[in-house]
Amino acid sequence: MFYILIVLSLEDNVFGDPVFRDPTFQYKVIAEGLSDPTGIVFIDNDILIIEKEGTIRLLSDQQLTEKPIYEFEVNAKSERGLLGIESNGRNIFVYVTEISTGDFLKNRVYKFLWNGNELTNPKLLLDLPALPGPNHNGGKLVLEKNSNSSNNDDNLYVIIGDLNHRGILQNLDSRDKPDDTGVILKINSEDGSAIETNPFSSDPNTAKYFAYGIRNSFGITIDPLRGTIWQTENGPSEYDEVNIVKPGFNSGWIQVMGPMSRSETTLDDLQILPNSLYVDPQLSWRDSVGLTDIEFINSTKLGEKYHNMLLIGDYNQGNIYIVSLDENRENILLDESNKNLLDKVVDNDEEADSLIFGTGFGGISDIETGPDGFLYVLSFKEGKLYKIFK
C-alpha cells in the first residue's frame, strides 16, 4: 500500500537509522537518491533497480548510473507503475502499468534479454487489465525451475490484485467470466503459456491461474527447501496476511480476511472453483501494517540459526519481521514461548514487536538474498538500498 502511513516500530524508531534485535548485525547504504524504488534483481555482479515512474537503473561496482538503462511510458497513479522485476540470469522479466495506444492502460509482463549492458528483445508475455483501479495492481514476480521442461524453461508466478473488480474471482456470485483479477498466475516464462499442471487448466478462462481470491499483494517467494509458494496479502484496514499458497488456493477475499473463525463467513459463502481450496492465513495482523515483500534467508552468512527463516517486510512502519517454519515447512512455528500468538493473529504492538528482526527502513518494497549471501532491503520512502551483514 504505497500511500498509507501509520507509524509504529521497535523502540519508537520512526524511520531513523535501522536497528536490529540482534546487535551483531550491521548495515550500509549501497544506493540512495532513488525515486520511489519498487524492486531489485541481481544479474551477474550488478543490480537492476526499478522505480515506480517507469525507469530501470543499474547499480554497478556500487555506483548508480545516472541515466536509466530503460524507460517505460507508465501511469503511476496510486499503486500503478513499474512494479515488479525478476531474472533467471539470461532473461529479465518486468511487470508494468503501461500506457498503450489511445492512452489505454494495461498491466503487462515483458521478458527482455540482458546483454551485459542493456535490455533488448522485449517480448510480451501477459496482457492483463488495469482498470478501474487505480490501486490493487499487485506486480510481484517470482521464478521457479520447471523440472518438467526439456529445455529448462522456468515457471513464472505473477500476482495481480483485484483492481476493485467484484466477480467470481472475488468470491461473489457472478455471471461474469473470470477476468484475470485477484489471482496468482503461473506461466511458462518462455512464451507466457499456461502450465499443463495448473489446478484450473481444464477451463481456458482459468488455465493460467494458480490461486485466486487475492485482494492485493506486494510479496511472493519460494521456499528453497520445499519449493512451496508463500505470499503476503493486504487487508482493507485489518487482517494483513501471510499465506502458504498451494495449487488452487482461494484466499477468500472479498468474503473474508484473516482467520475465518474471526468472521461470520463460512466455506459456503465462497466461490469454490473445481480443484480449489481455502486455507486460513499462516499469520495475520489484525490492524493493517501494509505487509510488503517476503523472503527466505537462503544463506548462512548471517548465522546458521537464521538460515531458511522467513522475513516479512512492511510499508507503514518500516519493520522486518522474522519467523521460523516447522519441521515439515508447512506452518509458521509459534510455540509456548509466545502464547499470545498461538492463534496466529498479531493483535497488538507487543505481539508485533516480538517478531521484529529489524526496524527503521522507511517503507520496505523489496527484500532479497544477494549472491554474496547477505540481505538487501529496498526502502520506497527513503529511496535507499541497504545491505545487511555481520
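Trainee: Leaving aside its neighbours within four places in sequence, which residues is Phe-357 in contact with?

Mentor: Contact here means heavy atoms within 4.5 Å. By that rule, Phe-357 is in contact with Phe-20, Arg-21, Phe-25, Tyr-306, Leu-311, Ile-320, Tyr-321, Ile-322, Leu-375 and Ile-388. Before we go on: this is a predicted model, so local features need pLDDT of at least 70 and side-chain atom pairs count only at pLDDT 80 or more, while totals for chains, interfaces and linings use all residues. Residues are numbered from 1 along each chain as its sequence is written, and side-chain values use heavy atoms, with hydrogens and water left out.

Trainee: Which residues touch the most other members of the largest nonpolar core?

Mentor: General idea first: in soluble globular proteins, nonpolar side chains tend to be buried together. A nonpolar core is a set of buried Ala, Val, Leu, Ile, Met, Phe, Trp, Tyr and Cys residues joined through side-chain atoms within 4.5 Å. Buried means under 20% relative accessible area, exposed means over 50%, and partly exposed is in between (1.4 Å probe, protein chains only). In this model the largest core has 30 residues, and Ile-47, Ile-49, Ile-320, Phe-357 and Leu-385 touch the most other members. Strands that each supply at least two residues of this core include S2, S4 (46–51), S24 (320–323), S28 (375–379) and S29 (384–389). A second, separate core has 22 residues, among them Leu-125, Leu-128, Leu-185 and Ile-187.

Trainee: How many helices and strands does the protein chain have?

Mentor: Helices (H or I, at least four residues) and strands (E, at least two) are DSSP runs, numbered from the N terminus. The protein chain has one helix and 29 strands.

Trainee: And in what order do the five strands of the open sheet run?

Mentor: Strands of a sheet pair through backbone hydrogen bonds, either parallel or antiparallel. Two strands count as paired if DSSP finds at least two bridges between them. Here the order is S1-S26-S24-S23-S22, with antiparallel pairing. S1 and S22 (291–296) are the edge strands, each pairing on one side only. S22 is joined to S23 (residues 310–314) by four bridges, and Leu-291 stands opposite Asp-314 in S23.

Trainee: Let's look at S28. Are its faces covered or open?

Mentor: Covered, on both sides: Leu-375, Val-377 and Ser-379 are buried on one, Tyr-376 and Leu-378 on the other. As for its partners, five bridges join S28 to S27 in an antiparallel arrangement, with Asp-366 opposite Leu-378. Five bridges also join S28 to S29, again antiparallel, and there Val-377 has Tyr-386 as its bridge partner.

Trainee: Which glycines take a positive phi in those two hairpins?

Mentor: In the S27–S28 hairpin, with five residues between the strands, Gly-373 in the turn has a positive phi of about 90°. In the S28–S29 hairpin, with four residues between the strands, Gly-383 takes a positive phi near 65°.

Trainee: Now single residues. Is Asn-137 buried or exposed?

Mentor: Asn-137 counts as buried because its relative accessible area is 0%. Asn-137 sits in the loop between S11 (119–128) and S12 (141–145). Among the residues it touches, not counting those up to four places away in sequence, are Glu-79, Arg-80, Tyr-95, Ile-159 and Asn-216. A polar contact is a pair of N or O atoms within 3.5 Å; within protein, one must be able to donate a hydrogen and the other to accept it, and residues adjacent in sequence count only if both atoms are side-chain atoms. The Asn-137 side chain makes one with the side chain of Asn-107, at 2.9 Å.

Trainee: And why does Thr-24 count as partly exposed?

Mentor: Because its relative accessibility is 41%. Thr-24 lies in the loop between S1 (19–20) and S2 (26–31). The Thr-24 side chain makes a polar contact with the side chain of Asp-22 at 2.6 Å, and another polar contact, of 3.3 Å, joins it to the side chain of Lys-390.

Trainee: Last one: what share of the residues of the whole chain is buried?

Mentor: Of the 390 residues, 61% count as buried. Residues 24 or more positions apart account for 59% of the contacts with a separation of 6 or more. Along its principal axes, the C-alpha trace spans about 55 × 50 × 40 Å.
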